[in-house]
Structure formats: C-alpha cells, structure tokens
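This report describes a protein model for a reader who is new to structural analysis. Please examine the sequence and the structure shown below before reading on.

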Amino acid sequence: MTSVNGAQAFSGEVPLSLRLGTVIGGSLTRGLEVRLAPERSVEEMAAGRYVTIQGRTQKFFGMITDVELRATSDAVLRAPPDPDDAFLREVLTGTTAYAVLKVMPLLRVAGTADAKPEPVKTVPAHFSEVREATQQEVAQIFGDDDDTHFVIGSPLDMEVKVCLSYERFIERSNGIFGKSGTGKTFLTRHILAHLIQKAGAQRDAKKRAVNLVFDMHNEYGWEGSYEGLGGKVKGLKPLLGNAVVVMTLDEDSSRRRGVPYDTAVTIAHDEIEPDDLAVLQETLNLTQNAVEAAQQLFRRYGRQRWLRATLELDENDEDSKRALNEMGIHASSILNLRRGLLRLTRNKDFLVESGGGRSVQAILKHLLRGTSVVLEFGRYGNDLPAYMLVANVLTRRIHEEYRRRTEAAQGGHGDDPPHLIITIEEAHKFLSPQVARQTIFGEIAREMRKYHVTLLVIDQRPSAIDEEVLSQIATKITCLLDNEKDIDAVLGGVSGSRELRAVLAKLESKQQALILGHAVPMPVVVRTEEYGSTDSYARFLRRLGSATADDLYRAEE
Amino acid sequence: MNEPAHADGAGSIGRVLEATISRFTCVCHALDGAPPLGTLVLVFEGGPAVYGVVADIRTQSIDPGRPLTPRGGPEDDRETVLAQNPQIPALLQTAFEAIVVGHRRDGGVRRYLPDSPPRIYARVRACTAAETAEFFHGFEFLPLLLAAGPLADQVIAACLRRAAAAMPAHPRAFLVQAGRALAHELAEEPERLAAVFGQIRSVAAG
C-alpha cells in the first residue's frame with residue numbers, strides 16, 4: 001500500500017522511515033505547524049530534535065519545539081474510542097485525531113550544491129514535506145572538527161558531532177548556565193581544554209587566545225572531582241602540558257592535594273581599592289555609607305596604608321574620632337566597614353602587607369607568552385568574598401595592562417596582546433545589576449573585545465546577572481534550568497525564545513545542553529561530549545594530533 | 001484498454017440490463033447467481049471496463065406485470081412447493097445492482113466515474129483476488145460508495161470485509177489503511193464511522 005489518500009501520498013525520494021509530516025501552517029515568528037504523518041508515533045518525537053523541510057526551491061532546517069494533539073472534529077473527542085479498541089484507535093490516530101509538531105525554522109539552504117546555510121527570512125510553502133534531518137545534513141551545518149571548530153557534543157538521537165566555532169567563540173563573551181549539578185563544570189573543562197588546544201593550532205598569532213581561569217573549587221588545574229564513580233577526572237594541565245600553568249592561592253591546599261603549582265599568588269594590601277569593596281557590598285553586607293567611607297579613607301591615607309589604617313581605627317580613640325569627623329564619616333559606617341574588612345582579611349594567608357603587583361606580573365608574563373593560567377583557590381574557594389576580591393583585583397590590573405598595550409599597539413608601539421578569556425564562576429555576584437556598572441567584569445562584558453579581553457561566565461542564576469551584560473553574552477550554553485526567571489534571562493532577546501523555553505525546560509539533568517548564539521549557526525540541543533573516561537582523554541589527545549600529546553598521555557597513565 | 005481476461009465468457013455472471021453513470025443493474029445468468037453483497041465486479045466488455053460494488057440483490061418475477069402469487073399450504077416446506085410447481089424457477093430472475101466505483105483506462109485502475117455508463121448487454125464477472133487487491137490499493141472511490149443511499153454504510157462495510165479477505169497476507173493492515181481513509185471522509189460524522197467500524201472490527205481483530 002503506497003498511499004492512503006490523495007493528500008497523504010508521499011514522494012518517492014524520501015525513505016518512509018524519515019518522513020515526519022507536512023507543513024500545514026505557522027509563521028516565521030511563531031514557528032511552523034507540521035501535521036504528523038499517520039504512520040509516525042507522536043511518542044517517538046522529541047522537543048529539540050532537528051528536521052529538514054523540503055520547500056519548492058530551498059531546504060529549511062528547523063527544530064521541534066513542541067508537540068500537540070489535535071482532532072479534525074470535536075465529535076470524536078466527545079465520543080472517543082474505547083481504550084480496548086486497538087483497531088479504532090489505530091485508525092483514528094493520525095487521521096481524525098492527529099499530532100502537530102511545532103517547528104521553529106532556523107536556517108535555509110538554497111538549492112545549489114555549494115550553498116551555505118543562511119538565517120531564515122521566510123517559511124516553506126504549505127504542504128512542504130518535513131522529515132528528520134540526516135546526519136550528513138546536520139554535520140554540514142555545524143562544520144567539521146578542524147582548526148577552527150571543536151566538538152561540543154551530539155544532537156539528541158544522532159551520532160554526528162556538533163562543533164562550536166573557535167573563532168566566533170573567542171570573539172565575544174560567553175556564558176555557561178545551568179542549575180547546580182547539571183554538569184556545568186564538566187562542560188567548562190571540556191570547552192577550556194579545546195579552546196587551549198585550538199589556540200595552539202592557529203597559524204595566525206592574533207587568533208591564539210589565552211585563558212585565565214579563576215578556579216574556585218580546584219576543578220580545572222590538575223584534576224577535577226566527579227560526582228559518582230571514581231571521583232576524579234583529569235584537569236587541563238595533564239592534558240595540555242606546557243600550554244597551561246597552574247597557580248595557587250593556597251599553598252597548603254596544593255601541598256595537601258599533592259599537586260604542583262607554578263606560583264603562589266598573593267594580593268598585597270596596596271592592590272585593594274575601595275572599588276573592590278563596592279563589588280563586595282552585598283556579599284559583605286556593607287552599607288552604601290561604608291563604601292563611601294572607604295573611598296574617603298583611601299583618599300586620606302593613600303593606597304599603601306588605607307586598609308591597615310581603617311582596620312586600626314578605634315572610634316573610642318580621640319585621634320581616630322577627630323579623623324573621622326574631619327572626613328564626615330559616621331561611627332556606624334566605620335563599624336560596618338571594619339566588620340566587613342575584618343571578614344574579608346581574616347585568616348587570609350594570601351593577603352600580604354606589601355610587594356603588590358608581583359603576582360599580577362607573573363600571571364601577565366604567562367598570558368603574554370600565550371600560556372593559559374589556572375588559579376586554584378584551594379580552601380578559599382568556599383569563601384565567596386575572597387574569591388570575588390582576588391578575581392576582581394587581578395582582573396582589574398590585568399585589564400589595565402591589556403588596555404595600555406592595546407592602545408600602544410594602536411599607536412604603532414608594539415603588538416596587540418594575545419586575546420584573553422577570563423573564566424569566572426558565580427558570575428552573578430560580579431555582574432548583578434547593583435554592581436555590574438562598577439566592576440571590571442561588567443566593563444569587560446560591555447566593551448566587548450575592544451581591549452582583547454572577554455569573559456566566560458559560569459553561573460546558576462543567570463536571572464541575577466545585569467540585563468545589559470547578559471545581552472552581551474554572545475554564545476549561551478545552557479544546561480537544565482528550572483527557574484522561570486533564569487530561563488527568561490537566558491532566552492531574553494533570542495528570536496523564537498518562547499519555543500526554545502519548552503526545549504530548555506525539558507533538558508535532562510545531566511549531559512544535555514542547549515547552545516545558542518554566535519558560535520553556532522543555529523540553536524542546538526546536545527548530549528555533551530563525555531569527559532573523564534580513559535577513552536575521552538584518548539580521543540581528545542588524538543585530536544591534538546601530535547606525538548607529544550600521545551607521549552604525554554602515556555606518561556600520565 | 002479493455003479487460004481481455006475472461007473474454008471467452010468464463011466467469012461471466014450476468015449482463016448489464018440497465019445503466020446510469022453511477023450504477024448499473026446486472027441480470028444474472030442463473031437464478032440466485034448474484035455475487036455476495038460488497039463484491040467487486042467488473043463489466044468487462046463493450047467499452048472501458050467498469051468496476052462496480054454489489055450494493056443490492058433481488059430475485060423477482062421476470063414479467064413485472066405478473067407478480068408471483070403465494071403457493072402451497074402452511075405444512076409444505078420450500079422444497080415441496082418447488083417440486084409441485086416446477087415452472088417457477090423459469091419465471092424468476094436474479095438481478096443485482098452495483099455502484100460504479102471506477103474503471104480501467106490506459107492499463108491502470110481509475111477509482112472514479114468513467115466517461116460513460118457500461119453498455120447494455122455487456123457481460124459482468126466477479127473480480128479475482130488479484131484484481132481486488134489491485135483495486136483496493138487506493139481509496140479514492142469511497143465518496144462514490146458513501147453517496148450510494150440508505151444502505152451505503154452496510155455496503156462499504158461488506159465491501160471492506162471482502163477486500164480484506166482478498167489480502168490474506170495483511171488483512172488488518174489493509175483495514176487500518178481503509179479505516180483511515182474512511183475516517184478522513186467521515187470526519188464530521190463519527191457516529192456513522194463507528195457504525196461502519198462496528199461491522200469490520202471482527203475481521204480486523206482476526
């Protein structure tokens with residue numbers, strides 16, 4: 001039996017097994033409606049899966065975003081077939097009662113052989129045939145794993161690889177989102193490893209990006225933890241060797257964990273500015289007056305002494321009282337400020353009185369040579385104010401240097417510094433609407449890559465990130481989010497966001513991510529590449545394609 | 001063009017004695033010689049072959065002016081009455097009415113009305129299983145049967161049951177396909193649909 005009725009006859013070219021149905025309506029903005037072919041079961045469908053729509057003159061690619069049950073007439077719904085009547089159910093399913101797939105058109109490819117995928121500007125005609133996208137079609141769109149693309153995972157139910165464009169990824173700031181326990185860290189490690197690897201493969205020095213990772217929980221340097229079996233996976237250093245240096249903020253922790261480090265990073269008192277406190281205002285429970293007081297104190301005592309002086313102020317001491325009066329600082333403000341500063345500085349071995357700038361110079365030296373830096377926080381990782389302070393202080397100084405060098409290069413003196421990607425976790429703390437305007441991170445996100453610095457933000461609460469900053473995040477890699485606000489935040493300003501919501505909310509809690517934005521030609525849901533098994537390392541190192549990598553791998557075993 | 005098979009008359013069950021574009025009456029060669037309700041028959045001479053589905057069967061007096069009168073007493077069974085009146089069968093004829101559901105043209109099946117009605121005195125035969133299977137590859141003829149009058153649903157059910165029997169390999173798959181085509185036609189009349197399905201379900205279950 002080749003056809004059921006005139007309307008349901010199919011063209012001979014497409015294998016019946018791939019045919020999904022027929023376009024019956026929709027729009028460019030709301031997505032297409034596709035009537036599911038009667039021989040296909042609605043239960044096989046999955047939101048997030050790719051389809052190909054054969055228009056008259058061009059081919060369209062789209063993503064299933066929703067599945068809906070409908071009936072041609074209400075009568076059959078008023079008198080539905082008996083559940084035991086398998087025959088009647090089979091007959092009615094797909095005819096009187098049928099399923100509609102909502103498909104968001106994403107790309108189109110003109111009919112010619114060498115045509116490149118382009119964004120859609122129209123929809124396929126009525127009754128265009130819709131079928132599952134083949135592996136080759138998807139592979140063609142996402143490109144091959146080459147010098148400028150790296151594998152991030154596979155689309156749902158497909159074996160082909162989805163690649164991110166390295167060049168586009170480093171061009172702008174990017175974000176990795178997802179609630180805790182969804183595999184953000186694994187994904188980040190995977191991406192960082194490939195960014196560093198691809199940077200090494202670039203012939204053009206201008207395209208070699210370096211990374212600075214503020215590694216809150218010691219996940220990226222030597223080894224990372226793994227919830228579940230085994231517990232340990234390799235970090236970036238064992239996989240990438242000399243392309244990475246690991247620094248530490250906590251020598252004790254590094255020694256305890258038995259991991260070597262290149263430099264122990266310290267922060268000197270004179271490197272801390274009142275602006276750094278502004279960022280910490282919320283985290284340290286500082287009042288606005290306290291932050292303003294810090295600025296006064298900074299002006300009065302100078303960069304070298306202001307922190308020590310503030311900590312030593314005693315509001316019962318007459319000299320101190322006089323000084324505070326002169327500055328017009330209220331006693332409660334100074335109490336509040338001091339309490340915050342004490343919390344910030346107490347038991348911080350990395351805080352030193354003097355010698356500021358040494359660590360920044362050490363980091364810069366590596367970065368400018370093209371070596372990525374992972375800064376492990378050791379025990380301070382659980383101390384959010386410490387993490388924010390260090391990330392803020394170091395980034396501010398590094399950014400200053402980058403700005404200086406970039407401007408010099410524009411003036412014809414020296415070269416541009418290598419493109420820098422700074423990875424921060426708990427990003428919403430740095431980029432919340434209250435502080436995004438003041439922090440260096442907000443500035444970096446907004447100025448785009450003017451000074452060759454971009455961010456890779458990792459966060460579980462994207463809704464807490466300033467809207468303007470979020471809108472500058474070019475590629476969003478999103479694991480499962482279930483908070484409505486967070487989903488809104490990630491999809492804000494994305495075309496077809498209403499449809500993508502359904503996809504995002506239905507991700508599995510592990511190893512699945514929705515990727516959208518600059519570095520992919522169309523939004524894609526991927527099963528992320530597995531990371532952590534011997535196979536995965538071997539695969540990665542094979543991609544490195546060098547004998548040294550193989551040697552390195554063996555050495556590690 | 002025309003159906004060459006059986007041109008020698010083998011399998012012929014009767015002749016067309018009355019024809020319109022949508023139905024024809026065939027008088028059988030033999031008394032009670034009509035094919036069962038719902039059978040696919042073929043007018044195989046006198047122009048393009050025309051397919052019909054048996055929709056009504058009647059046996060009556062040859063001379064409409066002389067209707068049969070009751071014979072025999074209450075105690076006589078049918079055999080006895082016929083034995084006492086051996087002339088009766090000669091006074092009777094069996095005729096069936098068929099709904100036109102398609103025709104053949106250019107060597108293929110067309111499941112819609114022909115250009116002209118079957119010719120009077122053209123011979124008619126029942127379709128073979130292979131011909132039946134060939135015809136029921138498509139269901140574009142369903143509207144013709146659905147419009148066939150008060151018994152249409154009975155006729156369709158009978159027709160589908162018989163067609164399923166001609167496809168021993170996959171009668172159920174056939175009935176599902178047919179059912180879907182029918183559901184498409186009767187989308188606004190689910191009660192009617194259910195009534196037809198009620199009559200073919202037992203076949204489908206088997």
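The buried residues of helix α11 of chain A are covered by elements that include α8 (274-280), α9 (288-312), α10 (318-327), β17 (351-352) and α13 (384-410) of chain A. The model is predicted: local features need pLDDT of at least 70, side-chain atom pairs count only at pLDDT 80 or more, and totals for chains, interfaces and linings use all residues. Residues are numbered from 1 along each chain as its sequence is written, chains are lettered from A and ligands numbered from 1 in the order in which they are written, and side-chain values use heavy atoms, with hydrogens and water left out.

**Helix α11 of chain A**

Helices (H or I, at least four residues) and strands (E, at least two) are DSSP runs, numbered from the N terminus. Helix α11 of chain A has 15 residues (residues 331-345) and should span 21 Å at 1.5 Å a residue, which agrees with the 21 Å between its end C-alpha atoms; the expected span is 1.5 Å times one less than the number of residues. Among the buried residues of this helix are A:Ile334, A:Leu337, A:Arg338, A:Leu341 and A:Leu344. Buried means under 20% relative accessible area, exposed over 50%, and partly exposed in between (1.4 Å probe, protein chains only). An α-helix has 3.6 residues a turn, so residues three or four places apart point the same way. Just after α11 of chain A, A:Asn347 takes a positive phi of about 55°.

**The two chains**

The table sets out values for each chain. Accessible areas come from the Shrake-Rupley method with a 1.4 Å probe; for residues, only the protein chains shown count as cover.

| Chain | Helices and strands | C-alpha extent along principal axes | Buried residues | Accessible surface |
|---|---|---|---|---|
| Chain B | seven helices, seven strands | roughly 55 × 40 × 30 Å | 45% of 206 residues | about 9800 Å² |

Along the sequence, chain B follows the pattern β-β-β-β-α-α-β-β-β-α-α-α-α-α. Its radius of gyration is 19 Å, close to the 17 Å that the globule rule gives for 206 residues, so chain B is as compact as a globular protein of that length. This radius is taken over C-alpha atoms, and the globule rule is 2.2 Å times the number of residues to the power 0.38.

A contact means heavy atoms within 4.5 Å. In chain A, 71% of the contacts between residues at least 6 apart in sequence join residues at least 24 apart.
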